[in-house]
Amino acid sequence: MTGPHPPEPFLDGFDRILVDATTTGRRLTRDELESRRALGAQAAEAGRGWRGLVRAHLAAGREGRPRDADPDSVLAVVEQAVDAFADGYERAQRLVIRKEEAARREFIDDLLHGRGAAGRLAARSERFGLRPAGAHVVAVAEGPEKYDETDPVPRLVAEELFGRFENRHILFTTKEGRMVCIAPADQDEVLTHFAQYVRDTTGRARVAIGRPRPGPVGIGQSYEEALNALDVARRMGLDEPLLRAGDLLVFPVLTRDRQALVDLVQSALGPLERARGGAQPLLDTLTAYFDTGCVAAATARRLSLSVRALTYRLARIHTLTGTDPTDPAHRHTLQTAVIGARLLDWPTRPLNPAEAAP
């Protein structure tokens, strides 16, 4: 035999198997193969690289073979041993990856929902490539369909993000059918690229970006702001593909005191329900009027009405509510009430009398 080979813990017993099997020309036994699989699993769990392990097997086969051994016999033994070793290695590696992925998703869930103490979240952050110090921002993409991380679209988005921003300490996941990207607050280009790439990939996605929030706990706050922005966009009929929570702060302010908002809508717009055809046509008229900057001709075109018919509707609103939408002094109250009606989904969803002031 040649000189001694440096001991390799994950080749334990291979020299004995090599000598015995090449001397007799036999195949490896079931127990021997199982021992290789077990060592392969241990190597994967220890994080050992596959290339170095294969080199170690080849070196052991070259240096540990009997001098008069048939090269084909030696090669056959090494091949069987490496094949069994690879089987155990790959199985364990898949299990490690699944465990790591489960831990990563659990960590991101805890971040997004603000679960766990700030110190514990910070301690776990470094493990998953997130710097706990400083502020972060969350972007949420809502596509034409619901996704999870095994779907092609999220995989493409993840590959693009981590390929383009490899060292930016970002996180990506799917949550409740949406795609979520977390990035440091000073890297807005990551989130804007995420938004653009999602829109390009899906064709018609909408992305909302929360405000910068400090520390790991702030990530959950930014996430909630992004979700609220998406909800506001749906209720208000906003068609912007990119929403920033900081630009929509008036809506959370309005909904913070729900009872006051219900009271405003009921007081300012409730009388419209007495109109023939109900409140909806006149509410749509007010919505279009305010959305066009109170320009009668533009409003009439949007509603496919004549200016005369529009004028009649505005006069009818004045008669029913006592508030003139064409009067700047009255306009603010009506416009705020119209926004409130859209946020409350009124009149489709009736106002709860218990929420209104007596």
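The model is predicted: local features need pLDDT of at least 70 and side-chain atom pairs count only at pLDDT 80 or more, while totals for chains, interfaces and linings use all residues. Residues are numbered from 1 along each chain as its sequence is written, and side-chain values use heavy atoms, without hydrogens and water. Strands (E, at least two residues) and helices (H or I, at least four) are DSSP runs numbered from the N terminus.

Strand 1 pairs (at least two DSSP bridges between two strands) with strand 3 (residues 178-184) in the antiparallel sense through 6 bridges; here alanine 139 has cysteine 181 as its bridge partner. Strand 4 (residues 206-209) is also antiparallel to strand 1, over 4 bridges, and its arginine 206 partners glutamate 142. A further 2 bridges link strand 1 to strand 5 (residues 213-214), again antiparallel, with histidine 136 opposite arginine 213.

## Aspartate 324

Aspartate 324 lies in the loop between helix 13 (307-321) and helix 14 (328-343). The residue is buried but has no salt bridge (a side-chain nitrogen of Lys or Arg within 4 Å of a carboxyl oxygen of Asp or Glu). Arginine 331, the nearest side chain of opposite charge, is 7.6 Å away; Lys and Arg count as positive, Asp and Glu as negative, and His and the chain ends are not counted.

Notes
Buried means under 20% relative accessible area, exposed over 50%, partly exposed in between (1.4 Å probe, protein chains only).
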